[in-house]
Amino acid sequence: MKILVCVTSVPDTTAKISFTDGDTKFNKAGVTYITGPYDDYALSRAVELKEQHGGTVTVLNVGEADAEPVIRKCLAIGADDAIRVNCEATDSYFVATQIANIAAQEKYDLILMGRESIDFNSGVVHGLVAELLGIPSLSPVMKLDIEGNTAKITREIEGGKEDLEASLPLVLGCQEPIAEWKIPNMRGIMTARTKPLKVVEPVGEGLTSTDKYELPAPKGACKMIAAENAEELITLLKTEAKVL
């Protein structure tokens with residue numbers, strides 16, 4: 001079985017975010033990058049499936065050279081090889097086009113990725129990739145097993161869970177608890193240095209650009225209301241917080 005895992009390189013959630021050039025560019029200075037947390041779940045399950053059924057796991061990243069440490073970590077966790085599309089990930093459709101282009105050439109049985117990235121949180125790339133390839137897509141997938149050419153899936157829906165079966169090939173957006181995150185060991189780190197990482201040029205151009213970034217408004221001061229003064233709390237929720 002050939003599995004493709006698409007990963008994003010995103011700022012650590014503890015990073016201090018700022019912008020440059022009149023708030024038109026993200027300031028990467030001093031920012032630590034990590035694998036997208038949902039992508040970590042997808043990669044972990046892909047490695048488990050490879051161990052159970054045999055086959056290969058390829059990691060794909062659409063990004064610039066500074067994403068390579070994140071890619072090498074994925075190789076250390078258990079991926080066999082990696083591909084980096086050498087460009088800035090400007091919008092969801094552009095990213096999906098790059099993934100679909102690679103996938104169409106290599107004919108993967110299963111394409112896994114996180115349900116969404118944690119920087120732009122669009123949550124649409126898996127659906128776009130599937131549409132471009134003409135194959136089904138499901139998300140968010142919480143459980144995945146493979147029996148022959150059939151995927152047995154549990155995904156989250158509003159108010160509950162849904163059990164499904166679908167034939168391969170598939171594109172799936174993953175989330176917890178599909179697998180536990182894996183931490184690379186020393187042997188994995190050493191072997192990752194020799195695993196192939198292929199760099200390819202993109203096809204087409206991005207459709208959108210960012211005119212300006214804007215930080216959310218700072219949090220206001222916390223007001224403490226005495227437990228016995230429920231009327232004041234209700235009034236503030238109506239007049240200031242405007243949530244009632």
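This is a predicted model: local features need pLDDT of at least 70, side-chain atom pairs count only at pLDDT 80 or more; totals for chains, interfaces and linings use all residues.
Colleague: Which residues make the nonpolar surface patch of about 310 Å²?

Modeller: Y93, L132 and L207 make this patch, where a patch joins residues with over 30% relative accessible area and no salt bridge, nonpolar side chains (Val, Leu, Ile, Met, Phe, Trp, Tyr) being linked within 5 Å and like charges within 9 Å. Residues are numbered from 1 along each chain as its sequence is written, and side-chain values use heavy atoms, without hydrogens and water.

Colleague: Is L132 buried, partly exposed or exposed?

Modeller: Buried means under 20% relative accessible area, exposed over 50%, and partly exposed in between; L132, at 39%, is partly exposed.

Colleague: How many disulfides does a search of the whole structure find?

Modeller: A disulfide is a pair of cysteine sulfur atoms within 2.5 Å, and the search finds zero. The sulfur of C87 lies 13 Å from the closest cysteine sulfur, in C6, which is too far for a bond. C87 is buried at 10% relative accessible area, whereas C222 is exposed at 67%.

Colleague: What does L43 touch, leaving out residues up to four places away in sequence?

Modeller: With contact meaning heavy atoms within 4.5 Å, L43 touches V5, V57, V59, C74, I77 and A79.

Note on methods:
Accessible areas come from the Shrake-Rupley method with a 1.4 Å probe; for residues, only the protein chains shown count as cover. A salt bridge is a side-chain nitrogen of Lys or Arg within 4 Å of a carboxyl oxygen of Asp or Glu. Buried means under 20% relative accessible area, exposed over 50%, partly exposed in between (1.4 Å probe, protein chains only).
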